[in-house]
Amino acid sequence: MSSSEDTAADSTGRPAGDPAPDRRGATPMKIAFALRESGAEIPLPEAVVEVDTGSYPTLLNQAQESGFVPAFGEPPATSAEVQLRSGQFTSLLLLGERQIWEMDPPAPVASAWTDAAAHHGIAIVSVVPPGTWPSDITGLPPAEAAARFAHSLEQARDAHHLLHGTARVVHT
């Protein structure tokens with residue numbers, strides 16, 4: 001994967017049902033934002049999402065039902081939607097907007113990422129299993145942290161554990 005890490009945030013996601021919110025409690029969620037080089041003049045925005053072990057089967061199932069596939073080749077279009085508000089990632093909607101994974105608090109996104117998202121109208125979303133996020137990158141120089149993160153993503157992809165797809169980007 002040719003990408004550069006932009007920003008990353010730990011947050012809490014809340015899965016919600018249709019129509020009433022699922023009140024099972026907060027779900028720890030990690031998200032990283034990158035710009036993926038492509039043949040286009042403007043790189044494609046990418047969000048990498050990881051949730052805790054207990055929530056992962058639900059996220060995995062919803063992502064697959066939304067059209068996400070193992071990360072080989074180009075990511076397919078999905079029914080997913082990424083919501084941004086005031087330069088922050090607020091939620092990921094899956095299954096045709098029936099399941100909402102909210103960031104609490106919203107995760108700040110660099111302007112280069114939001115500009116790329118506005119240009120393309122989509123973002124690549126990658127869903128990784130628990131434990132993919134390197135635990136030893138805190139405090140490392142940015143280039144070294146990005147290299148370790150990229151290596152971890154490559155390992156997940158090579159093991160067929162990384163799902164990806166494109167999601168429509170909506171500013172709310």
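Guide: A residue is called buried at under 20% relative accessible area, exposed at over 50%, and partly exposed in between, with a 1.4 Å probe and protein chains only. Both Phe 33 and Phe 89 are buried here. The model is a predicted one, in which local features need pLDDT of at least 70 and side-chain atom pairs count only at pLDDT 80 or more, while totals for chains, interfaces and linings use all residues. Residues are numbered from 1 along each chain as its sequence is written, and side-chain values use heavy atoms, without hydrogens and water.

Visitor: What share of the 172 residues in the protein chain is buried?

Guide: Buried residues account for 45% of them.

Visitor: Which order do the elements of the protein chain follow from the N terminus on?

Guide: Helices (H or I, at least four residues) and strands (E, at least two) are DSSP runs, numbered from the N terminus. In this chain the order is β-β-β-β-α-β-β-β-β-α-β-α-β, with three helices and ten strands.

Visitor: How is a pair of aromatic rings described?

Guide: One gives the distance of the centres and the angle of the planes. Rings of Phe, Tyr and Trp (its six-membered ring) pair if their centres lie within 6.5 Å; planes under 30 degrees apart count as stacked, over 60 as edge-to-face and the rest as tilted. The whole structure holds three aromatic pairs. One of them, Phe 33 with Phe 89, is tilted, at 5.7 Å centre to centre and 55° between the planes. Phe 33 belongs to strand S3 and Phe 89 to strand S7 (residues 88-94), 56 residues apart.

Guide: Phe 33 also pairs edge-to-face with Trp 113, at 5.3 Å and 70°. Trp 113 lies in helix H2 (residues 111-120) and Phe 33 in strand S3, so this pair ties together parts 80 residues apart in sequence. Phe 33, Phe 89 and Trp 113 form one aromatic cluster.

Visitor: Which residues have the most contacts inside the largest nonpolar core?

Guide: A nonpolar core is a set of buried Ala, Val, Leu, Ile, Met, Phe, Trp, Tyr and Cys residues joined through side-chain atoms within 4.5 Å. The largest has 30 residues, and Val 82, Phe 89 and Trp 113 have the most contacts inside it. Strand S3 (residues 27-36) supplies its largest share, four residues. A second, separate core of eleven residues includes Ala 32 and Leu 153.

Visitor: Why does Val 127 count as buried?

Guide: Val 127 counts as buried because its relative accessibility is 1%. This residue is found in strand S9 (residues 122-128).
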